[in-house]
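Here is a short briefing for a first look at this structure. Start with the view below, then work through the points by topic.

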Amino acid sequence: MFKQLWTVLVVFLLLTIVTGIVYPVLVTVIAQVVFPHQANGSLIVQGDKTVGSELLGQHFDDPKYFWGRPSATGAFPNDASSSTGSNYGPTNPAQFDAVKGRLEAFHKAQPDDSRPVPVELVTASASGLDPEISPGAAEFQVGRVAKQRGLSEEKVRQLVGVNTDGRSL
C-alpha cells in the first residue's frame with residue numbers, strides 16, 4: 001500500500017510541476033516572443049496613456065460615436081474584470097426593461113429614424129465585451145454620426161467600408 005501511495009504522490013507532484021509551472025511558463029514565453037502585442041492584451045496606447053484594448057468594446061453614448069453592443073458587465077460598462085453575460089432569457093422582466101431602455105436611447109439619439117433598431121445594438125453579447133458590430137448595425141447609425149460630425153453620409157459610409165472586416169471563414 002505504501003508503494004502505491006508513493007507512486008500516486010510522485011505522479012501528482014510531477015503532473016503539478018509540468019501542468020502548473022512548466023507548461024504555463026513555456027506558453028507565456030512563446031506568446032511573448034511570437035505574439036507580444038496580443039499576449040499583452042492588444043492594448044491601444046495614445047501618447048503615454050493606455051486608453052483601451054482592441055479586444056474589448058468601449059461604452060459610448062455620445063451621438064457622434066458609433067455605439068457598440070451593450071455591456072452586461074454590471075455597474076461599469078465593458079469592465080473586463082467582470083466579463084459575463086446577463087443570462088437573462090427573452091421573457092425575463094429585467095431583460096425586457098434593459099432592451100426597452102436601450103431602444104429609448106436610440107430613439108432619443110435618432111428621433112427621425114423609424115427603422116427597427118438592429119437587435120445586436122440592444123442586447124448584450126455573451127461576454128458583455130464584444131468590440132465589433134455588424135455592417136448593418138453600423139449602417140443604422142451612419143445618419144446620426146454623419147450629422148453629429150458635420151460629414152456627408154456617403155463619407156461616413158466610406159469610412160465604415162474601409163474599417164469593415166470581411167468574414168473570417
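Helices here are DSSP runs of at least four residues, marked H or I and numbered from the N terminus. Because Arg157 and Glu153 sit four residues apart in helix α5, about one helical turn separates them. The model is predicted.

**Salt bridges**

- How many salt bridges does the structure hold? There are three.
- A salt bridge here needs a side-chain nitrogen of Lys or Arg within 4 Å of a carboxyl oxygen of Asp or Glu.

**The network around Arg157**

- Salt bridges link Glu139, Glu153 and Arg157 into a network.
- Another bridge brings the side chains of Arg157 and Glu153 together, at 3.3 Å from N to O. Here both partners lie in helix α5.

**The Arg115 and Asp113 pair**

- The side chains of Arg115 and Asp113 also meet in a salt bridge, at 2.6 Å from N to O.
- Asp113 has 16% relative accessibility, so Asp113 counts as buried. The cut-off for buried is under 20%.
- Arg115 is partly exposed, with a relative accessible area of 36%.

**The nonpolar patch**

- Which residues form the nonpolar patch on the surface? They are Ile17, Ile21, Val22, Val25, Leu26, Val29, Ile30, Val33, Val34 and Phe35.
- Together these residues have about 930 Å² of accessible area.
- Leu26, one of the patch residues, lies in helix α1 (residues 2-34).
- The relative accessible area of Leu26 is 46%, so Leu26 is partly exposed. A patch residue needs over 30%.

Note on methods: Residues numbered from 1 in each chain as written. Predicted model: local features only at pLDDT ≥ 70, side-chain atom pairs only at ≥ 80, totals over all residues. Heavy atoms only, no water. Patch = residues over 30% accessible without salt bridge, like charges linked within 9 Å, V, L, I, M, F, W, Y side chains within 5 Å. Areas by Shrake-Rupley, 256 points an atom, 1.4 Å probe, with all protein chains shown as cover. Helix = DSSP H or I, 4+ residues; strand = E, 2+ residues; numbered from the N terminus. Buried < 20%, exposed > 50% of the residue type's maximum accessible area, 1.4 Å probe, protein only.
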